[in-house]
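Colleague: Could you walk me through this one slowly? I am still learning how to read a fold.

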Amino acid sequence: MTNISADLILLILLVIIAAYFVHKVSVKLAIARKTKDLEETNKRLQMLSTTDSLTGLKNRRFFSDLLEEFNGLDKVGLLILDIDNFKSINDNYGHGVGDTVIQYVAEILKRASTNGEIVARIGGEEFAVVTRFDNFESAKRYAYEVVTLIEKSTPFFLSDPERVTVSAGLRYHIKKPRSLSLEQADILLYRAKKEGKNKVIAEYE
């Protein structure tokens, strides 16, 4: 019977221990990679569930939940905008151009919203914005700026003098509102539509 030297036994033990630790580290790395992949997948799913796919803006679901967070705050401005004569644009140019018009309005809203305004697409051709403004005048200034920017830019994909315009309703809450809802600004939006479109109707309370 062959005698195994103590050195060889020690070497074998060291190899076994090293293999064990290598395996343990490999398992930990695999778990870490899997965890990271799951976190990234969850982030993507979260983003998809709260983002409008056509414009990249927040969607109605996200916006409705967000209003709950603004409920206990004062100096809150809630703005709703609707593209004027959108059915006519779809009928005359097709739904592809209609989608481009929606994206065009979304891009102007993004460019104009640089002070913390949160913009969402809440319906087919309808958008909403919420944030805290210093006062009613600054809220109105923002709303008029957006409407004017949209009116004065003739999209390259529509023939002049065809222009894209929006009507807007702005509800400004000086004090903490009892209940912040889209319906409050929606009423003002419909007034803007009835009074000629391409305008802002703004009120405070």
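Colleague: Before that, what kind of model is it, and how are residues numbered?

Modeller: This is a predicted model, in which local features need pLDDT of at least 70 and side-chain atom pairs count only at pLDDT 80 or more, while totals for chains, interfaces and linings use all residues. Residues are numbered from 1 along each chain as its sequence is written, and side-chain values use heavy atoms, with hydrogens and water left out.

Colleague: Okay, how many helices and strands does the protein have?

Modeller: The protein has 6 helices and 6 strands, where helices (H or I, at least four residues) and strands (E, at least two) are DSSP runs numbered from the N terminus. Along the sequence they come in the pattern α-β-α-β-α-α-β-β-α-β-α-β.

Colleague: And what share of the residues is buried?

Modeller: Of the 205 residues, 38% count as buried, and buried here means under 20% relative accessible area, with exposed being over 50% and partly exposed in between (1.4 Å probe, protein chains only). Where contacts (heavy atoms within 4.5 Å) join residues at least 6 apart in sequence, 71% of them link residues at least 24 apart.

Colleague: Let's look at strand β2, then; which strands is β2 joined to?

Modeller: Strand β2, residues 76-83, is joined by 7 bridges to strand β4, residues 126-132, and the two run antiparallel. There are also 8 bridges between β2 and strand β5, residues 166-173, again running antiparallel. For strands to pair, DSSP must find at least two bridges between them.

Colleague: Which residues sit opposite each other there?

Modeller: Leu79 stands opposite Val129 in β4, while Ile83 has Val166 of β5 as its bridge partner.

Colleague: Are the faces of β2 covered or open?

Modeller: Both faces are covered, with Val76, Leu78, Ile80 and Asp82 buried on one side and Gly77, Leu79, Leu81 and Ile83 buried on the other, so that 8 of the 8 residues of β2 are buried.

Colleague: Switching to helices, how do α3 and α4 pack?

Modeller: Helix α3, residues 86-93, and helix α4, residues 95-112, pack at about 140° with their axes 7 Å apart; axes are lines fitted to C-alpha atoms, for helices over the stretch in contact, and angles run from 0 to 180 degrees between N-to-C directions. The two helices are therefore oblique to each other, since angles under 35 degrees count as roughly parallel, over 145 as roughly antiparallel, 65 to 115 as roughly perpendicular and the rest as oblique.

Colleague: Which residues make that contact?

Modeller: On the α3 side they are Phe86, Ile89, Asn90 and Tyr93, and on the α4 side His95, Val97, Gly98, Val101 and Ile102.
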